[in-house]
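Good morning. I will go through one model today, and here it is on the screen.

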Amino acid sequence: MRKWNLLWPFWAITIVHGVAILIFVKGFLLTRTELPFYSRCSDVSQSPCFTSDSLSDSNPSVPPSSGAANSSRCWTKPAVNRIIIIVFDALRFDFVAPSTFFEESKPWMDKLRVLHKMASERGLSAKIFKAIADPPTTSLQRLKGITTGGLPTFIDVGNSFGAPAIIEDNLIHQLVQNGKRVVMMGDDTWMQLFPHHFKKAFPYPSFNVKDLHTVDNGCIEHLLPSLYEDDWDVLIAHFLGVDHAGHIFGVDSSPMIEKLEQYNSILEKVVDVLERQSEPGGLHENTLLLVMGDHGQTLNGDHGGGSAEEVETSLFAMSFKKPPASVPSEFGTSSCQLDLEGREICTSTIQQLDFPVTLSALLGIPFPFGSIGRVNPELYALGAGTWKLEGMKVGNYINSREQEEWMQNYVNVLCINSWQVKRYIDNYTASSVIGFSDEDLLHTGSLYADAMENWSYISKDLLSNSDGMDVVPSLKRQIDAYSNFLASIAELARSKWTEFNLKLMTLGFGIMVASLFVHFIAIKRVGKQCGSSFATEDCGTTFELMLSCFMVAMRACSFLSNSFILEEGKVTSFLLATTGIFMLRYSITKQKHFLNVFIFLLLMIYCRFTIEVGLLKQADTSAFLKAYPSWVLEIASLLPGWTYITKSVPIIALILLAQLLLKNITSSHSKGVWKFVMYGTILCYILIGFHWALENEVLHFASAIEGIGKNCIPRIIYAIGLGQLSLLLFRQLFGEDKLLDCRITLLTKTAAMLAAWSPTIIILAGKQGSLVALASLIGGYCIIGMDNLKHGEDGNGRILTVDCLPVTQWSLFAICLFFSSGHWCAFDGLRYGAAFIGFDEFVLVRQAILLTIDTFGFSVILPIFGLPFIVAKKYSSSQASKGENTLFMRLSQAYLMYGLIMAVPVTASILCVIIQRRHLMVWGLFAPKFVFDVVALILTDVSICLATLYYVPHPDSC
Amino acid sequence: METEKKEMASKASPSVSIAEAFFVHLICGLGLALAFLIARHVYSADLISDPSRTLFLILIVECPIVILLYSRYRTDREQCSYLKAVARGILGLLAGAIINAFGAIVLGAPIGAQYLLKTLNWSLVMSSFSVVPSACVFGSSWMDWQRLFAYTKPNGTIDHMICIPAHGAIIGAWFGAWPMPLDWERPWQEWPICVSYGAVIGYSIAMVASLAFSHARSGLQHVKRD
């Protein structure tokens, strides 16, 4: 009963935190209601626009589409029969556009030369677009956006690992509904999104980022033969090589360039095959080739956020039909440049949002119900085969007849487009609890009404006198009116889709603040319990308390600025180093432990360097070279043993760790189970060393051994770790503590627990793992040493309550370790590679657990399970006589303090998310930070609960 | 034993009147202003445009002033001549620079060839603010150093004159580092510009504060004597 009395606050706090976060997340993370409505061919009769039939009746001279499409006329007149969509995952704009469009020519530019050639030679029917995606720029969200024409919301990011089928109306659904046959090859995410839609599919697993070739080779194998077949209308080939090469090697790397060269040769073949069959009556007479990226990537190969590099991808469109007519260019956004070979290439800009609706218009199928995009004039014209560059140079009125027809057609498409978007917005407002605000609806509604009214006049004119009057200016006005309406809707959707529920958010924040008070009261309560059994005394010097409060408050306040969030690691190490300098002052007054403090300061130098390296990796790879000028690298490469040094240092660190552990085993009184666990850990360390040695190129092993070692060793280590943990658990449940000294039992338990966790964490963290582990060991030792420093002379002064300063330092150090082990608070900061150490195939739960251990191993799990050291080291045996329970009261107080110190910054980051919810970077920076903090907090709470359960024994046993 | 020594030390140190302290601080402050003026008018540079030259100028102007002024208040007059005090001031400048540079690097000052000169000059200036005065006055008397910098228990006007500005400069520099990560993209956010500004401002404020302290203390002592 006594134990429960000590432990229940932890569980209560965990529950309160959970509730607060759940409520807040419900209000904050956007959820868009997905409407279960689908567009149908017959719907178009409700629109005020011409149907395609009536339009072509009134204008018989509109270029006739090929005979096959005539039978299935629907919303718009089909302009192309077949579409080939080649998706290159993470295709940056500068992969496609000529290098002359950019300030500097980089090695990865100008590799897809066939696209340049086509765009310059066939300026009439081929064009390069800069496609602007909407964040979040993860593949699943983008595929969803590309097919539904909506704005997938942030909450979907979580689904990226287990892609659920799209239930909204989408392009693929419309294709299937309207009798188009779709063939898919490549990334298997498509199969998860559209499980039953494809006529034929050749999916390949996409989650192993280390595998550059499986998906691509599978695509190539099926793509070219398919081009000779006529059993499909839409072909989708999704290549993943560039994305994976970026994730593993970065953009500026030879595998990336090889990949691009490979794609160039594939595209050459594809274009060649299509061209040969594009003669009238051929298989590809009226085919549109689209080469596109789903999103861009940073130079590190990361994507997910909203930075320009990530959202700017490219789209290359090419029609194999000869363009017959010309159209004015007012609606385009072309910019032209000469490429390296002196050919003129024009590029335009397109919103990725506009892609599905334009494609639907080209194919003549109903627009997806939830699409809010606009039919892009340039892409539409390209497909419709009526775009002519000469026309725009000479003037608008040369081919006025054809131009007029094209514009009439386009106006009609936009009319249907606007009607469909309006219908969606109205339906959405009606069926969703939180729709758009009345004010905005009124505004867009009036835009729509104006446009439609205008349209009714013009259409009357058009129908009454088909020639004589110049209708081009009025058509242009009409196009502008529709474009205005559609643009305002897109803007409205982008800004307001985030359905923040401020009430829930405030409630969640309020509960969080309340939990802080509960936390504080719980600390006081434990302190009082301690105090009541012994003499009353004041708790700690005020200066230390003030210092730790100041540090925590500074850290919490720093979250209000995006710059400080970006540099959180540096800020934390700055604060921690400041406490170190205060410790230096102490050590001067006490004239001892000077070496201890000095080592701590040196360790801080190590931390700040590793954090800076991590920051640079986050920002840019080229920035790394800027900050660490080339001479550093030169010297590094000149040193003869450099490669040996970099490869041997982790192993040496590992040996040191093992040695320390061995020393611990021999020196302490650990017996039985504990000893067994520690020997298991040493065995693991040996295995890790062997594993790394296998990875070295320096030592050559037979490839067979390498293959076994690559996966077997990590699995053995995981198994040993699990075995150790269950052994400890078993011991806890059924073993009896025969040792009389609680302190030593606690120390042994802690050491065994840390020993059981460490090999798994180290192998997941990679080669830096052993270094970080060593650093954390030294850091922990120094913090405990510095804590002793203050109390050495005080004797019995303040033994009863825990000091907050070492606990604060402990938590700050834990956060420093998070950053110095190469993590940062963004989804691209997750080291996905770690999830695949020891496993090749993807299983959601297993990989998620490994990723969590990798991300929070050093910053949450180890510090929390190691916290008893602070308490136990200070608790000298002379005080043990005063009562065993004191030790565990202090332990629980330390855990409460640790929890409070972790909860305060999370509360601050919740507050800052509330304040900054309309900030430009809310999805790029604040939301990821919030998610990381919240996950870390929940993990901290749960770990603390488990740790206290494990460490605090039954009152009678100890 | 310890208290006896302390008393000895305080007895040995010459008493400094408030007016004298005021003049010392005034000259130090004027020296700083002079350094900035020279930088502006002679070299047409300031901390932002050319931090390392400006810091060097501040060092050249301020350091001799500090050494020469504070050496007059050396505690152990019998064993230590004026010149010796000046010499240990110069020694203290170098030692203090190393300590300051180490502290800055621990806290996260950037390292690299382009920062080397700036860090060097900055740490010398910081040293002349914080370490040099007490090096001149106390020399190698560990007890006095400990009293001022570890316990922070200044005793008497001369202690105030040394201790408070030194702490002011260091605390000012610490706070001066805070705007550095902000994304305002101002030139003064570079290392060590805003840190130097913080140090100079902290130092100046602390000089005024030290005068106020000394004044209040002397008033208190008068009351006690009465």
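**Backbone, sheet and contact**

I start with B:Thr152, which is found in the loop between α7 and α8 of chain B. Helices here are DSSP runs of H or I of at least four residues, strands are runs of E of at least two, and both are numbered from the N terminus. Phi of B:Thr152 is near 50 degrees, a positive value in a residue other than glycine. B:Thr152 is exposed, with 12 other C-beta atoms within 10 Å. The terms are as follows: a residue is buried if 20 or more other C-beta atoms lie within 10 Å of its own, exposed if 12 or fewer, and partly exposed in between, with C-beta atoms placed from the backbone.

Before going on, the ground rules. This is a predicted model, in which local features need pLDDT of at least 70 and side-chain atom pairs count only at pLDDT 80 or more, while totals for chains, interfaces and linings use all residues. Residues are numbered from 1 along each chain as its sequence is written, and chains are lettered from A and ligands numbered from 1 in the order in which they are written.

A:Asp110 is not a glycine, yet its phi is positive, about 60 degrees. A:Asp110 sits in the loop between α4 (93-96) and α5 of chain A. Is A:Asp110 buried or exposed? A:Asp110 is buried, with 21 other C-beta atoms within 10 Å. One more backbone item is in chain B: a cis peptide bond joins B:Trp191 and B:Pro192, with omega about -5 degrees. B:Pro192 lies in the loop between α8 (157-176) and α9 (193-225) of chain B. As background, most residues other than glycine have a negative phi, and most peptide bonds are trans.

Now the sheet in chain A. Its nine strands form an open sheet in the order β4-β3-β5-β1-β6-β7-β2-β9-β8 (chain A), with mixed pairing. Two strands pair if DSSP finds at least two bridges between them. β4 (200-204) and β8 (335-338) of chain A are at the edges with a single partner strand each, so one side of each is left without a neighbour in the sheet. From one strand to the next, the twist averages 20 degrees. For angles, axes are lines fitted to C-alpha atoms, for helices over the stretch in contact, and the values run from 0 to 180 degrees between N-to-C directions.

A:Cys336 has A:Cys346 in β9(A) as its bridge partner. Helix α5 (residues 113-121) of chain A packs on the sheet and touches β2 (126-132), β6 (287-293), β7 (312-319) and β9 of chain A. The direction of α5(A) makes about 120 degrees with that of β2(A).

Next, β1 (residues 82-88) of chain A. Seven of its seven residues are buried, so β1(A) is largely enclosed by the rest of the structure. On one side are A:Arg82, A:Ile84, A:Ile86 and A:Phe88, and on the other A:Ile83, A:Ile85 and A:Val87. β1(A) runs parallel to β6(A), with seven bridges, and A:Ile83 stands opposite A:Leu288. β1(A) also runs parallel to β5 (residues 234-239) of chain A, with six bridges; there A:Phe88 has A:Phe239 as its bridge partner.

How many residues does each chain bring to the contact? Chain B gives 13 residues and chain A gives 22, where two residues are in contact if their C-beta atoms, placed from the backbone, lie within 7 Å. On the chain B side, α4 (82-107) and α7 (142-150) each supply at least two residues. α4(B) gives the most, with four residues.

Last, confidence. pLDDT is the predictor's confidence in each residue, from 0 to 100. Chain A averages 79, with 79% of the residues at 70 or above, and chain B averages 85, with 92%. In chain B, confidence is lowest in helix α1 (residues 2-12), at a mean of 44, and highest in α4(B), at 92. In chain A, pLDDT stays under 50 over residues 386-398 and over residues 533-540. Where pLDDT is low, the predicted coordinates should not be read in detail. For the complex, the predictor gives an ipTM of 0.90 and a pTM of 0.71.
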